Amino acid sequence: MGYESSILAVAEVTPELADAWDAMAAGRGPQADVYDSHAWLSSWWDTTGTEAAGRLRIPAVLDGDRPVGLLPLVSLSSGRWEFAGRGGGRMRYRPVLATEQPDPEVLGLLAEQVARAGARDLALPRMPGRDPATDLLADALGQAGFRVARRERSSDCLALVAGDWEEHRRRFGGYEKSVKRFANRLRPLWDVTLDEHGPEDQAGLEEGYRLFAGVHTHSWKKPLTPAMRTQALELLRRSGPRGWPRVYVLRVAGVPA
């Protein structure tokens with residue numbers, strides 16, 4: 001029995017599919033990304049992306065009842081589609097797959113579904129060059145009749161973590177020394193503490209985020225918009241049961257810094 005493919009709407013995403021979707025995003029090894037999760041996307045379409053929710057189209061490839069590939073998109077018009085997540089602070093976009101190494105057949109079926117739906121102009125920005133799915137999806141879209149134009153316009157400042165915490169500290173030894181130097185200057189003057197709010201404590205996560213937003217407001221950055229706060233709190237609520245989020249609060253003399 002081979003794969004089956006279709007295009008889903010938001011209303012067709014059942015709780016069972018949402019659970020499987022999150023497991024897919026978390027199971028991609030070094031390519032695992034919160035932006036690929038149902039937890040992130042649903043927090044976006046329920047808050048920041050409410051106007052786009054009705055136009056959300058999700059090409060899906062299933063192996064029986066198990067999803068193996070998803071490509072969440074928004075239909076701007078009958079022929080113009082784009083990535084899902086605009087306005088939600090999304091930093092990367094890629095197909096949602098079930099394995100670290102992508103299956104070309106799955107990507108081909110996703111591309112076919114987009115073409116059959118009548119999309120002629122497809123905007124997929126910020127696709128990571130280090131993800132092998134990026135090249136394969138571009139090839140699949142070309143096979144489906146799309147003319148693919150690719151430009152590298154930005155870079156992702158991500159540090160891949162190998163080994164345990166001690167190994168990670170040794171890898172970034174210069175940064176470790178810099179942190180120790182500043183901490184040694186602070187501690188004789190003020191009490192310095194670091195509090196962790198973990199995933200099982202929903203109230204603690206929300207309180208940690210409230211403190212973060214307050215520090216953010218007093219920083220050189222612009223204050224977070226109400227929509228950004230609402231989306232982030234919704235993401236913490238949805239991802240907490242998955243064991244994903246942590247909020248760390250650094251305090252100097254008891255004041256969040």
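1. In the residue classes used here, Ala, Val, Leu, Ile, Met, Phe, Trp, Tyr, Cys and Pro count as nonpolar, Asp, Glu, Lys and Arg as charged, and the others, Gly among them, as polar. On that basis the lining of the second largest pocket divides into 19 nonpolar, 7 polar and 3 charged residues. The structure under review is a predicted model, and the points below should be read accordingly.

2. The second largest pocket has a volume of about 880 Å³. It is lined by 29 residues, and those closest to its centre are Tyr209, Phe212, His216, Leu224 and Ala232. Helix 8, helix 9 (226-239) and strand 9 each supply at least two residues of this lining. The greatest contribution comes from helix 8, with 6 residues.

3. The largest pocket has a volume of about 1100 Å³. Its lining comprises 29 residues, of which Leu124, Pro125, Arg126, Met127 and Arg151 lie nearest the centre. By class, the lining of the largest pocket has 13 nonpolar, 4 polar and 12 charged residues. Strand 7 (121-123) and helix 5 (132-143) each provide at least two lining residues, and helix 5 gives the most, with 5 residues.

4. Three strands form an open sheet in the order 8-9-10, with antiparallel pairing. Strand 8 (192-197) and strand 10 (255-256) stand at the edges with a single partner strand each, so one side of each is left without a neighbour in the sheet. Strand 8 is joined to strand 9 (residues 247-252) by 6 bridges, and Leu194 stands opposite Leu250 of strand 9.

5. Helix 8 (residues 202-217) lies across strand 8, strand 9 and strand 10. The helix runs at about 55 degrees to strand 9.

6. Strand 1 (residues 4-8) runs antiparallel to strand 2 and is joined to it by 5 bridges; the bridge partner of Ile7 is Pro59 in strand 2. Strand 2 also pairs in the antiparallel sense with strand 4 (residues 73-75), over 2 bridges. In that pairing, Leu56 has Val74 of strand 4 as its bridge partner.

7. Strand 3 (residues 66-70) is another antiparallel partner of strand 2, over 4 bridges. Val61 stands opposite Gly69 in strand 3. Strand 2 and strand 3 form a hairpin with 2 residues between them. In the turn, Gly64 has a positive phi of about 70 degrees.

8. How do the axes of helix 1 and helix 2 cross, and at roughly what angle? The axes of helix 1 (residues 15-26) and helix 2 (residues 38-46) come within 8 Å and cross at roughly 120 degrees. This makes helix 1 oblique to helix 2, because angles of 65 to 115 degrees count as roughly perpendicular and only those over 145 as roughly antiparallel. The contact is made by Ala18, Trp21 and Asp22 of helix 1 together with His38, Ala39 and Leu41 of helix 2. By class, the contact has 4 nonpolar, 1 polar and 1 charged residues.

Key:
Residues are numbered from 1 along each chain as its sequence is written. This is a predicted model: local features need pLDDT of at least 70, side-chain atom pairs count only at pLDDT 80 or more; totals for chains, interfaces and linings use all residues. Side-chain values use heavy atoms; hydrogens and water are left out. Two strands pair if DSSP finds at least two bridges between them. Contact means heavy atoms within 4.5 Å. Axes are lines fitted to C-alpha atoms, for helices over the stretch in contact, and angles run from 0 to 180 degrees between N-to-C directions. On a 1 Å grid over the protein atoms alone, a cavity is a set of points where a 1.4 Å probe fits but cannot get out, and a pocket is an open set with protein on both sides within 12 Å along at least five of seven lines; lining residues have an atom within 4 Å of a point. Grid points are joined across faces, edges and corners, and a volume is the space filled by probe spheres set on the points. Angles under 35 degrees count as roughly parallel, over 145 as roughly antiparallel, 65 to 115 as roughly perpendicular and the rest as oblique.
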